[in-house]
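Here is a short briefing to read alongside your structure. Keep the model open and follow the topics one by one.

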Amino acid sequence: MLKIRWAKPSDVKAIVALFRYPEIRKYFGKNEYSYRYIREWVCHYPKIKAVAIVDKKIVGFISLYRYLFDYMTGYEHIGLFDIAVDPNQREKGVGSSLIKFAEKYFKRKGFKKNRNLRRKE
């Protein structure tokens, strides 16, 4: 059964382990996603990374971002930064579920979906 939840510090090792797959590493670069880098994001920026879990194993993650883009209009922009799924779990709805999780989170926060998700402060 697939479960999606916010990443915790104890997940860092499993997230980094996803980069052992060449199919994932080729999109993200060789050194960018170190243990230290992932740990910093998970520990210091809550609700920025979510993980997909199947049979108690992390099989995917998604990174979100949120920032003020236009100071004149006050619109706050958000989006998806990274997404990765274990190649052995592809075509099973893991990536789609991660994206739906992010969309629900953004919707609860008051963002509207258009070309760019945004919310007026």
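The protein has four helices and five strands, and along the sequence they follow the pattern β-α-α-α-β-β-β-α-β. Helices (H or I, at least four residues) and strands (E, at least two) are DSSP runs numbered from the N terminus. Of the 121 residues in the protein, 40% are buried; buried means under 20% relative accessible area, exposed means over 50%, and partly exposed is in between (1.4 Å probe, protein chains only).

This is a predicted model, in which local features need pLDDT of at least 70 and side-chain atom pairs count only at pLDDT 80 or more, while totals for chains, interfaces and linings use all residues. Residues are numbered from 1 along each chain as its sequence is written, and side-chain values use heavy atoms, with hydrogens and water left out.

**Salt bridges and a polar contact**

- The structure holds two salt bridges, each defined as a side-chain nitrogen of Lys or Arg within 4 Å of a carboxyl oxygen of Asp or Glu.
- One of them joins the side chains of R5 and D11, at 2.6 Å from N to O, and both of these residues are buried.
- D86 and K57 form a salt bridge too, with 3.5 Å between the closest N and O atoms.
- Because D86 sits in the loop between β4 and α4 (94-108) and K57 in strand β3 (residues 57-70), this pair ties together parts that are 29 residues apart in sequence.
- D86 counts as buried because its relative accessibility is 2%, whereas K57, at 41%, counts as partly exposed.
- S63 is in strand β3, and a relative accessibility of 3% is why S63 counts as buried.
- The S63 side chain makes a polar contact with the side chain of K49 at 2.3 Å. A polar contact is a pair of N or O atoms within 3.5 Å; within protein, one must be able to donate a hydrogen and the other to accept it, and residues adjacent in sequence count only if both atoms are side-chain atoms.

**Surface patches**

- Patches are built from residues with over 30% relative accessible area and no salt bridge, joining like charges within 9 Å and nonpolar side chains (Val, Leu, Ile, Met, Phe, Trp, Tyr) within 5 Å. The areas come from the Shrake-Rupley method with a 1.4 Å probe, and for residues only the protein chains shown count as cover.
- Which residues gather in a patch of positive charge on the surface? They are K47, K100, K104, R108 and K109.
- Lys and Arg count as positive and Asp and Glu as negative, with His and the chain ends not counted; each charge is placed at NZ of Lys, CZ of Arg, CG of Asp or CD of Glu.
- L80, I83 and I99 make a nonpolar surface patch of about 220 Å².
- L80 belongs to strand β4 (residues 75-85), and its 41% relative accessibility is why L80 counts as partly exposed.

**Positive phi angles**

- D55 is a residue other than glycine with a positive phi, near 50 degrees.
- You will find D55 in the loop between β2 and β3, where D55 is exposed with a relative accessible area of 65%.
- E91 is not a glycine either, yet has a positive phi of about 65 degrees.
- The place of E91 is the loop between β4 and α4, and at 82% relative accessibility E91 counts as exposed.
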